[in-house]
Amino acid sequence: MEVRRAVPADALPVAEVHVRAWRVAYAELLPPPELEKLDPRERATRYDFSAGAAQATFVAAEADAVLGFATCGARDGESGAGEGELRALYIDPPHWRTGLGRVLLRYAEDHMRGLGFQHAVLWVLLGNAAAERFYLAHGWRADDERRHERFWGVPVEVARYSREL
């Protein structure tokens with residue numbers, strides 16, 4: 001297995017992992033019909049893996065197959081000035097609990113440190129107990145910040161986790 005920066009050709013394989021992970025991880029949290037409507041080809045158009053992109057995506061790949069990815073960069077918004085943000089960390093479900101998440105998390109944290117950030121945040125969909133356990137086990141802490149979002153018109157709540165890098 002190798003971990004490397006994503007390139008534009010990775011957009012569809014990353015989107016396929018993203019959709020498969022969402023369908024399994026959020027099966028009890030979001031409406032199944034909405035999860036089934038997710039289209040990897042459409043999602044792939046949202047990614048920018050060009051060298052000049054403001055954020056970095058790392059992929060774990062084996063024999064040219066993307067097994068998981070992590071996306072990180074500067075936190076958006078004025079209140080996030082000087083902070084990093086882990087925007088996404090998804091592993092293809094057949095590879096859950098194999099250590100890939102830990103490896104990709106380390107790459108993302110190292111990248112944010114390299115950008116000069118000393119602190120980082122991430123957001124977890126409330127009720128995603130597996131993600132909550134994973135981040136807690138790796139030094140992240142819920143910091144009582146919550147926000148309401150809408151996924152496909154469905155109101156959800158997400159919790160912020162943070163850590164010193």
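What follows is a chat about strands, aromatic rings and charged side chains in a predicted model.

Student: Before we start, what kind of model is this, and what counts?
Tutor: It's a predicted model, where local features need pLDDT of at least 70 and side-chain atom pairs count only at pLDDT 80 or more, while totals for chains, interfaces and linings use all residues. Residues are numbered from 1 along each chain as its sequence is written, and side-chain values use heavy atoms, with hydrogens and water left out.

Student: OK, strand E3. Is it mostly covered or uncovered?
Tutor: Mostly covered: eight of the 10 residues in E3 (residues 65-74) are buried. Buried means under 20% relative accessible area, exposed means over 50%, and partly exposed is in between, using a 1.4 Å probe and protein chains only. Strands (E, at least two residues) and helices (H or I, at least four) are DSSP runs numbered from the N terminus.

Student: Which way do E2 and E3 run, and how many bridges join them?
Tutor: E2 (residues 55-62) and E3 run antiparallel, joined by eight bridges. Strands pair if DSSP finds at least two bridges between them. Thr 57 has Thr 71 in E3 as its bridge partner.

Student: What's in the turn of that hairpin?
Tutor: Two residues lie between E2 and E3, and Ala 63 in the turn has a positive phi of about 50 degrees.

Student: And how does E3 pair with E4?
Tutor: E3 and E4 (residues 84-91) are antiparallel too, over seven bridges. There, Phe 69 has Tyr 90 in E4 as its bridge partner.

Student: Where does Arg 75 sit, and what does its side chain touch?
Tutor: Arg 75 is in the loop between E3 and E4. Its side chain makes a polar contact of 2.3 Å with the side chain of Glu 83. A polar contact is a pair of N or O atoms within 3.5 Å; within protein, one must be able to donate a hydrogen and the other to accept it, and residues adjacent in sequence count only if both atoms are side-chain atoms.

Student: Why does Arg 75 count as buried?
Tutor: Because its relative accessibility is 15%.

Student: New topic: rings. How many aromatic pairs are there?
Tutor: Eight aromatic pairs. Trp 22 and Tyr 26 form one that is edge-to-face, at 4.8 Å centre to centre with 85 degrees between the planes. The rule is that rings of Phe, Tyr and Trp (its six-membered ring) pair if their centres lie within 6.5 Å; planes under 30 degrees apart are stacked, over 60 edge-to-face, and the rest tilted.

Student: Which residues make up the cluster of linked rings?
Tutor: Trp 22, Tyr 26, Phe 69, Tyr 90 and Phe 151, linked by ring pairs. Trp 22 is buried at 10% relative accessibility, and Tyr 26 is buried at 6%.

Student: What lies over the face of Trp 22?
Tutor: Arg 43, at 5.8 Å from the ring centre. For a charge to sit over a ring, NZ of Lys or CZ of Arg must be within 6 Å of the ring centre and within 35 degrees of the ring normal.

Student: Last one, how many salt bridges?
Tutor: The structure holds 12, each a side-chain nitrogen of Lys or Arg within 4 Å of a carboxyl oxygen of Asp or Glu. One of them joins Asp 110 and Arg 113 at 2.6 Å, N to O. Both lie in helix H4 (residues 100-114), three residues apart, about one turn of the helix.
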